[in-house]
Amino acid sequence: MSASAVVTAEATPAPALRRLYFTRFGFALVWAGALFATASTLGPVSIALLVLYPLFDLAAAVVDVRSSRTAGPAKGLYANIAISALACVGLALAAASGIPAVLRVWGAWAVVSGLTQLGVGLSRRALGGQWAMIISGAISTVAGTSFVLQAAQPGASLASLAGYATLGGLFFLVSAVRLSRSAAAH
């Protein structure tokens, strides 16, 4: 699904968010599988995947901003766009230094973007389906800290990032389903 297919001018952002969350779920699963298959080394494919994930996050935040204009201010989403852009650059640069450097950058991004996601989820509680985003933001913050700690361990691996993406994707699926139920109830 293209980003333009997700962007709509609906009065409520819930249907657009539901589609976006389903898309993010699918992307996370495919990405996690691809990274897991290449996680043992930092090669061209794994580096491209590492940069692609925050780039996709950035694009999803742009779609979210455009589709939820009627829901009020999107300061957290704009912050997420900036954070993800920095993560793309940081991961590309860190890849030259090895897996521990990548884990440190990914961890820092996970902490900051997790706190941002937590804030956005809290501000959207009235939409329904946001508790999973709130929990996901909190877990992202904890996971980010664990990635930074993993970077100091011998044999650091990218495999844990695939698990992180899978769990995040599952939270997007739960939120999409909850938004569907909220919409059906109204």
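User: How much space lies in the largest cavity?
Analyst: Happy to start there, with the reminder that this is a predicted model. A search of the whole structure turns up 2 cavities of 30 Å³ or more. The largest cavity holds about 440 Å³.

User: Which residues lie nearest the centre of the largest cavity?
Analyst: The lining of this cavity is made up of 30 residues. By class, 14 of them are nonpolar, 12 polar and 4 charged. Those nearest the centre are Arg24, Asp57, Ser113, Gln117 and Phe172.

User: Which element gives the largest share of the lining of the largest cavity?
Analyst: Good one to check against the helices. Two or more lining residues come from each of H2, H3, helix H4 (75-94), H5, helix H6 (131-151) and H7. The largest share, 7 residues, belongs to H5.

User: And the second largest cavity: which elements each supply at least two residues of its lining?
Analyst: This cavity has about 50 Å³ of space. Its lining consists of Arg24, Phe27, Ala28, Tyr53, Phe56, Asp57, Gly168, Gly169 and Phe172, which split by class into 5 nonpolar, 2 polar and 2 charged residues. The elements with at least two residues each are H2, H3 and H7.

User: Let's move to the rings. Are the planes of tyrosine 21 and phenylalanine 172 stacked, tilted or edge-to-face?
Analyst: The structure holds 10 aromatic pairs, this one among them. The ring centres of tyrosine 21 and phenylalanine 172 are 5.4 Å apart, and their planes meet at 55°. Stacked needs under 30 degrees and edge-to-face over 60, so the pair is tilted.

User: How many residues apart in sequence are the parts that this tyrosine 21 and phenylalanine 172 pair ties together?
Analyst: Tyrosine 21 belongs to helix H2 (residues 14-38), and phenylalanine 172 to helix H7 (residues 159-185). Tyrosine 21 is buried at 4% relative accessibility, and phenylalanine 172 is buried at 9%. The pair therefore ties together parts separated in sequence by 151 residues.

User: What kind of pair do tyrosine 53 and tryptophan 109 make?
Analyst: Their ring centres lie 5.9 Å apart. Planes over 60 degrees apart count as edge-to-face, and here the angle is 80°. So the pair is edge-to-face.

User: Are tyrosine 53 and tryptophan 109 buried or exposed?
Analyst: Tyrosine 53 sits in helix H3 (residues 44-67) and tryptophan 109 in helix H5 (residues 99-123), 56 residues apart. Relative accessibility is 11% for tyrosine 53 and 5% for tryptophan 109. With the cut-off for buried at under 20%, both tyrosine 53 and tryptophan 109 count as buried.

User: Which residues form one aromatic cluster?
Analyst: Tyrosine 53 and tryptophan 109, the edge-to-face pair, are both in it.

Definitions and conventions. Residues are numbered from 1 along each chain as its sequence is written. This is a predicted model: local features need pLDDT of at least 70, side-chain atom pairs count only at pLDDT 80 or more; totals for chains, interfaces and linings use all residues. Side-chain values use heavy atoms; hydrogens and water are left out. Rings of Phe, Tyr and Trp (its six-membered ring) pair if their centres lie within 6.5 Å; planes under 30 degrees apart count as stacked, over 60 as edge-to-face and the rest as tilted. Helices (H or I, at least four residues) and strands (E, at least two) are DSSP runs, numbered from the N terminus. Buried means under 20% relative accessible area, exposed over 50%, partly exposed in between (1.4 Å probe, protein chains only). On a 1 Å grid over the protein atoms alone, a cavity is a set of points where a 1.4 Å probe fits but cannot get out, and a pocket is an open set with protein on both sides within 12 Å along at least five of seven lines; lining residues have an atom within 4 Å of a point. Grid points are joined across faces, edges and corners, and a volume is the space filled by probe spheres set on the points. Ala, Val, Leu, Ile, Met, Phe, Trp, Tyr, Cys and Pro count as nonpolar, Asp, Glu, Lys and Arg as charged, and the others, Gly among them, as polar.
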